[in-house]
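I open this notebook to record what I looked up in the structure shown below. The entries begin with one residue and then turn to the chain.

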Amino acid sequence: MSTNDAGRPGRPVAVTTPENVKKIHDMVMNDRRVKVRDISQAVNISIDRVHNILHEHLQMKKLSARWVPRLLTNDQKRDRVKRCKDNLKLFQRNPHEFLRRFITVDETWIHHYQPETKEQSKQWVSVGESAPKKAKTVPSAGKVMATIFWDSSAHTSAIVAKKLLELGYQILPHPPYSPDLAPFDYYLFPNMKKRLAGKKFLSNEEVIAETNYYFADLDKSYYMEGIAKLEHRWTKCIELEGDYVEK
């Protein structure tokens, strides 16, 4: 009597053939949004086998499209690369002096009420408990425009800004549609608004006081950390040939 396992129809090894792998790869390349069920029916193999071929053999996964500020043209990408190279060259001449003298300015609206993010609203629940509920809300109409000057030591006053102009500081080129290369957009504003989210203010004065308290409570190393990330982002933008930098 033979002790070998007899062949059975439908075994995974019988359908994971080079022909099927190529056929599935061609289908995905022709339509990046093709559904696994449609692939399964077209190739006449199980959905599990399609998943196995996609993940294990083709090393592919399906991701949602990410939001970007703008679909960059080739010219805009080249401009981003050029400006990043110029700034990186200036940084590399004397990194310590560059970081010490670097100053950036931007402005943003701060609402009297900014809803919590989905991440902030998470709560611990026991097994069997239903998910917590909250009503959908929008930012309040009342808001204050905050203009912030930021350097490695966190100077924020108008006096400092005026003095910078008198001293003739060099203006670094910044490409348009590039929040991923602006310290305020990738670092300071998101963290600040996350801290203020969910709080309700009754007046502009309360918003200003809370904002000032937020900045005063930060360690000076926080400001240096945000600016120091520029070197990595300029380098990454060059490597990506001008495309957006995620992290």
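In which strand is the place of H111? I found H111 in strand β1, which covers residues 103–111; strands are DSSP runs of E with at least two residues, and helices are runs of H or I with at least four, numbered from the N terminus.

I noted that this is a predicted model, in which local features need pLDDT of at least 70, side-chain atom pairs count only at pLDDT 80 or more, and totals for chains, interfaces and linings use all residues. Residues are numbered from 1 along each chain as its sequence is written, and side-chain values use heavy atoms, with hydrogens and water left out.

Entry on H111. I looked up its accessibility: H111 counts as buried because its relative accessibility is 18%, and buried means under 20% relative accessible area (1.4 Å probe, protein chains only). A polar atom of the H111 side chain lies 2.7 Å from the backbone oxygen of S140. Leaving aside residues up to four places away in sequence, H111 touches P139, S140, G142, K143, F201 and V207, where contact means heavy atoms within 4.5 Å.

Entry on the chain. I listed 10 helices and 2 strands in the protein chain. From the N terminus on, the order is α-α-α-α-α-α-β-β-α-α-α-α. The chain is more spread out than a compact globule, because its radius of gyration is 27 Å, well over the 18 Å that the globule rule gives for 247 residues. That radius is taken over C-alpha atoms, and the rule is 2.2 Å times the number of residues to the power 0.38. Of the 247 residues, 30% count as buried.

Note on methods: Buried < 20%, exposed > 50% of the residue type's maximum accessible area, 1.4 Å probe, protein only. Polar contact = N/O pair within 3.5 Å; in protein donor to acceptor, adjacent residues only side chain to side chain.
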